[in-house]
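Please keep the sequence and the coordinates in view while reading.

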Amino acid sequence: HCHVALGAVMVERGGWQRPATYTSADQEIARVRVGVGVGDISPIRKIGLQGTGLDVLLTQALPSLEPAHVGEVARLAGGGGGAEHVAARLAQDEALVLGLPREAIAEEPDLCAHVVEITSALASISVMGPLAQVLLSDVSDLDMSSDSFPDLRCAQATFAEIHGTLLRLDLGDLPAYQLYFSREFGEYMWEALMEAGEAYQVT
């Protein structure tokens, strides 16, 4: 209802309603390139991996994906125009995998690794544009400078007083972030980012 009140045109993505545009797509892209924009990306498929054997499961599911160290993000473009696949290493025994269906990762009985579908458990918002770092700095104590938090990095921190996981996934030369957090705070987080972004003419 928040999106509809903002004039969003809704589309279906994997059984979820998601805003496609609010005004003109060309205008929104132009504004993001010089300022900051936020978008609801909650329908992205999300899988939680835990256990010491998670690297084996990842290699089996995505053999072309480069392994990531703790705090790093591995990124693999989808083949044939498919969705991009992302693996964020949150801890030595924990990873967040994006863009894969749950059935793509098969659990092995002899491995200490557990696979959990968490798409409906986490809301997610994209924040992108030259002023994205400034906006996120306003709602978090995380050091958002490019030296401390460059492209293809991830961190867990507090955003607008809510625990979340932040990934940096730049789009070419455009700084871009994805924030994941518990779904019950979806509306609150959206409003907090929109309010903080007013000073930067957020779109």
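**Overall dimensions and architecture**

The chain has a radius of gyration of 17 Å, which agrees with the value near 17 Å that a compact globule of 203 residues would have; the radius is taken over C-alpha atoms, and the globule rule is 2.2 Å times the number of residues to the power 0.38. This is a predicted model, in which local features need pLDDT of at least 70 and side-chain atom pairs count only at pLDDT 80 or more, while totals for chains, interfaces and linings use all residues. Residues are numbered from 1 along each chain as its sequence is written, and side-chain values use heavy atoms, with hydrogens and water left out.

Taken along the principal axes, the box filled by the C-alpha atoms is roughly 50 × 35 × 30 Å. The secondary structure comprises 5 helices and 12 strands, where helices (H or I, at least four residues) and strands (E, at least two) are DSSP runs numbered from the N terminus. Of the 203 residues, 45% are buried; buried means under 20% relative accessible area, exposed over 50%, and partly exposed in between (1.4 Å probe, protein chains only). Among contacts (heavy atoms within 4.5 Å) between residues at least 6 apart in sequence, 61% join residues at least 24 apart.

An open antiparallel sheet is built from 5 strands in the order E5-E6-E7-E4-E8; two strands pair if DSSP finds at least two bridges between them. Strands E5 (73–76) and E8 (114–117) are at the edges and have a single partner strand each, so one side of each lacks a neighbour in the sheet. From one strand to the next, the twist averages 20°; axes are lines fitted to C-alpha atoms, for helices over the stretch in contact, and angles run from 0 to 180 degrees between N-to-C directions. Within the sheet, E4 (residues 46–50) and E7 (residues 94–98) pair in the antiparallel sense over 5 bridges, and Gly 48 has Leu 96 in E7 as its bridge partner. Helix H3 (residues 54–61) packs on this sheet and touches E4, E6 (85–91), E7 and E8, with its direction at about 140° to that of E4.

The interior can be described through its nonpolar cores, each a set of buried Ala, Val, Leu, Ile, Met, Phe, Trp, Tyr and Cys residues joined through side-chain atoms within 4.5 Å. The largest has 26 residues, and those with the most contacts inside it are Val 38, Ile 125, Val 127, Leu 166, Tyr 177, Phe 181 and Met 189. Elements that give two or more residues to this core are strands E9 (122–128), E10 (154–159), E11 (162–168) and E12 (176–182), together with helices H4 (132–139) and H5 (186–197). Helix H5 gives the most, with 5 residues. Leaving aside residues up to four places away in sequence, Met 189 touches Ile 125, Phe 159, Ala 160, Ile 162, Leu 179 and Phe 181. A second, separate core of 16 residues includes Leu 54, Ala 87, Val 97 and Ile 105.

The structure holds 1 aromatic pair. Rings of Phe, Tyr and Trp (its six-membered ring) pair if their centres lie within 6.5 Å; planes under 30 degrees apart count as stacked, over 60 as edge-to-face and the rest as tilted. The rings of Phe 149 and Tyr 177 have centres 6.3 Å apart and planes at 10°, so this pair is stacked. Phe 149 lies in the loop between H4 and E10 and Tyr 177 in strand E12, 28 residues apart. Phe 149 is buried at 4% relative accessibility, and Tyr 177 is buried at 1%.
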